[in-house]
Amino acid sequence: MAGRHNVRNGIDKELLAEIKQKLEQGLFPQWMVTDPDIYDLEVDKIFGRTWQYLGHESELKEAGDYVTRWLMDDPVLLVKNKKGEINVFLNSCSHRGTHLCTADVGNRKTFTCPFHGWSFNTDGELIGVVAGDKVFGERLNKQDWNLHKIPRVDTYRGMIFGNLDPNAMPLEDYLGDLKWYIDLFLARSDGGMEVIGAPQRWVVNTNWKMSTENFGGDPYHVATTHKSTVELGISPKDPFYASYGHQVKLNHGHCVNVSTTGPGFSVPSYQGLPEEMWPMFERNLSKEQLEVYKQTVVIVGTCFPNLSFHCPVHGNEGHLHNYLTLRIWRPIGPDKIEIWAWFLIDKAAPEEYKMQSYKGYVASFGPSGTLEADDTEIWTRVAKASKGKMARNREMKYNNVLNYMMGMDKIEPDESWPGPGIAYPTCFVDYALRGMHEYWLELLTKEYEDEQ
Ligand code: FES
Ligand SMILES: [Fe+2]
């Protein structure tokens, strides 16, 4: 039981009040970046309670198709049953807890545990016990030993989410106004989007907040971090080119940046998508969504805490392509994340376009893409420089705070913006990230209230 002032591991009421005060000034104490105590709190209070992306319905086509995933540290099995429903289980045998299915993907009628051979069907029911009656007799009621379902599972436009908190708010409410923006790519086409290939995965030595923030509200880094792409002529020379457009601050820490082109450039026709798809978009999107979408070249953002999306128009081999990458930054420690990156494209797009677009994605935002490696290197550097004695000083003797003050008291929201949320008329602001920090602290502090 926590002491009166001790929320956990020395993070107390006073310290939380101090953090709040700093955040209000647009300052983020550097000691919190990779602090193990903060991380422990995040695991319980943020990742144990918010909706986490697990995969896309298009990854499971036939009965028996399955994929294995992680919900933070819990192994998860997603499997399509005979009725075509997707079941989501803890991927741990109900007998003695063995990690049941370790393949990434496959098709099976039953899952047999490698330890003592118990087997389960696609509904998670225990259907086979080796030497069952002889060794357990009547004491074993098989129905009591089915696989455990993840406490909450829900989907939005093909995206499957899980939540470890049985009392969490409904997914619809959690996503809230973010749905309006993700519909710009998830709902524009008949049939929605589909995943191509398996999600790529790699480990980066950083803290999840770095990658979450990078996609959530940091177009400011583009011209410098990705300078090589400017030199290669892939990105424009204008240092402000990533600033054009709107940054939108949404509830629950969600952030979106809707980028347009700068002066002298025009929006590529139909976002590089085949022209014949456009009437479909006009049918599926609202007037306001179309108004925004016609100006857009990139939509990038984060669904708090760790699902990011990036839907750009990219050039490759003389063609312009549009696609969507969904990615999760799965924390596996205070200074380590496992990135999972999915490639998605409109189901209704011509097959040839899908493949060209996939190539464009691999060349730019695949793990070895021209832009991808730049980011991971920088996130690693932030984590590395935040682990020393000076950076981690909780009294902040060295004024060890990070700066999120861009645009503060300077840029007013654009009242004419047709979409929901608070929209600022440039992407070179830190409003969305400050909103993310506010929600982050709200979740951490809520637990403090509970512990009183
Ligand atoms: S742990 Fe799975 S059958 Fe024993
Ligand atoms: Fe980047």
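Predicted model: local features only at pLDDT ≥ 70, side-chain atom pairs only at ≥ 80, totals over all residues.

Reader: Which residues coordinate the iron ion (ligand 2)?

Author: Look for donor atoms at 2.0 to 2.5 Å from the iron ion (ligand 2). Along the chain the donors follow the spacing H-x4-H-x148-D.

Reader: Where in the chain do H221 and D375 sit, and how many residues apart are they?

Author: H221 lies in the loop between α6 (208-217) and α7 (222-225). D375 belongs to helix α12 (residues 372-385). The pair therefore links distant parts of the chain, 154 residues apart.

Reader: Why is the arrangement around the iron ion (ligand 2) called irregular?

Author: Check the angles between the four donor atoms. A tetrahedral site needs all angles between 85 and 135 degrees. Here the angles run from 56 to 144°, which makes the arrangement irregular.

Reader: What span should α12 have, and what is the distance between its end C-alpha atoms?

Author: Helix α12 has 14 residues. At 1.5 Å a residue, they should span 20 Å. The expected value agrees with the distance between the end C-alpha atoms, which is 21 Å.

Reader: Which residues of α12 are buried?

Author: An α-helix has 3.6 residues a turn, so residues three or four places apart point the same way. Keep that spacing in mind as you read the list. The buried residues of α12 are E372, D374, D375, T376, W379, T380 and A383.

Reader: In β13, which residue is the bridge partner of Y53?

Author: β4 and β13 (residues 159-163) pair in the antiparallel sense over four bridges. The bridge partner of Y53 in β13 is F161.

Reader: What is the radius of gyration of the protein?

Author: The protein contains 13 helices and 23 strands. The globule rule gives 22 Å for 452 residues. The value for the protein is close to that, so it is as compact as a globular protein of that length. Its radius of gyration is 23 Å.

Notes
Residues numbered from 1 in each chain as written. Chains lettered and ligands numbered in written order. Heavy atoms only, no water. Donors = N, O, S within 2.8 Å, 3.2 Å for Na, K, Ca; no water. Tetrahedral: all angles 85-135°; square planar, octahedral: opposite > 155°, others 65-115°. Helix = DSSP H or I, 4+ residues; strand = E, 2+ residues; numbered from the N terminus. Pairing = 2+ DSSP bridges. Expected span 1.5 Å × (residues − 1). Buried < 20%, exposed > 50% of the residue type's maximum accessible area, 1.4 Å probe, protein only. Rg over C-alpha atoms; globule rule 2.2 N^0.38 Å.
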